[in-house]
Amino acid sequence: MEELDEDIAVTQSQVNFTCPLTQVEMVNPMKNKKCNHHYDEAAILNLIKTRHGQKKKCRCPVVGCGNTDVKESDLITDQMLRRRIQSHKRQANRT
């Protein structure tokens, strides 16, 4: 049972670092102040720009999220998550 718990913990930490748009580890994580989801800066800004160019609202890309209007003004850089990702990378490189 203990082994199973470790697998769950590892999976959860990896999910936190993965951008829902690109499905790769975030480099510059941005936090949405409205729904508290995280995205990589370049990916979410590109999506917002594309959707607004189509005269449409940008929906939060996290499955099941009810936030249907993500704006650039709702996003803040998440320095704490960025440091956690960098620390995680350093630990992974050691092994």
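Q: Lys89, is that one buried, exposed or partly exposed?
A: Lys89 is partly exposed, at 42% relative accessibility. Buried means under 20% relative accessible area, exposed means over 50%, and partly exposed is in between (1.4 Å probe, protein chains only).

Q: Before I go on, what sort of model is this, and how are residues numbered?
A: This is a predicted model, in which local features need pLDDT of at least 70 and side-chain atom pairs count only at pLDDT 80 or more, while totals for chains, interfaces and linings use all residues. Residues are numbered from 1 along each chain as its sequence is written, and side-chain values use heavy atoms, with hydrogens and water left out.

Q: OK, back to Lys89. Which residue does Lys89 form a salt bridge with?
A: Glu25, with the closest N and O atoms 3.8 Å apart. A salt bridge here is a side-chain nitrogen of Lys or Arg within 4 Å of a carboxyl oxygen of Asp or Glu.

Q: Where do Glu25 and Lys89 lie?
A: Glu25 is in the loop between helix H1 (2-17) and strand S1 (29-32), and Lys89 is in helix H3 (residues 79-94), so the pair ties together parts that are 64 residues apart in sequence. Helices (H or I, at least four residues) and strands (E, at least two) are DSSP runs, numbered from the N terminus. Glu25 is partly exposed, with a relative accessible area of 30%.

Q: How many salt bridges in the whole structure?
A: There are 3. One of them joins Asp74 and Lys34, whose closest N and O atoms are 3.7 Å apart. That pair links distant parts of the chain, 40 residues apart: Asp74 is in the loop between H2 and S3, and Lys34 is in the loop between S1 and S2.

Q: Is Asp74 buried or exposed? And Lys34, buried or exposed?
A: Asp74 is buried, at 8% relative accessibility. Lys34 is exposed, with a relative accessible area of 52%.

Q: What about Asp69, which residue does that form a salt bridge with?
A: Lys71, and the closest N and O atoms are 2.8 Å apart. Asp69 is buried, with a relative accessible area of 16%, and Lys71 is partly exposed at 34%.

Q: Then what does the side chain of Asp40 reach?
A: The backbone nitrogen of Val27, at 2.7 Å. A polar atom of the Asp40 side chain also lies 2.9 Å from the backbone nitrogen of Asn28.

Q: Where does Asp40 sit, and what is Asp40 in contact with?
A: Asp40 lies in strand S2 (residues 38-40). Leaving aside neighbours within four places in sequence, Asp40 is in contact (heavy atoms within 4.5 Å) with Cys19, Met26, Val27, Asn28 and Pro29.

Q: Helix H2 next. Which residues of H2 are buried?
A: Ala43, Ile44 and Ile48. They cover an arc of only 130° around the axis, which puts them on the same side of H2. The arc is that of the directions from the helix axis to the C-beta atoms.

Q: What do they pack against?
A: The buried residues of H2 pack against S2 and strand S3 (75-77).

Q: Which exposed residues are on the face turned away?
A: Ala42, Lys49 and Gly53 are the exposed residues carried there.

Q: And what comes just after H2?
A: Lys55, which takes a positive phi of about 60°.

Q: S3 came up. What is Leu75 in contact with?
A: Leu75 is found in strand S3 and is buried, at 8% relative accessibility. Apart from neighbours within four places in sequence, its contacts include Met30, Tyr39, Ile44 and Ile48. Leu75 and Asn32 are 43 residues apart in sequence, yet 4.7 Å apart in space, C-alpha to C-alpha.

Q: Last one: what pattern does the chain follow along the sequence?
A: The pattern is α-β-β-α-β-α, with 3 helices and 3 strands. Of the 95 residues, 24% count as buried.

Technical notes:
Polar contact = N/O pair within 3.5 Å; in protein donor to acceptor, adjacent residues only side chain to side chain.
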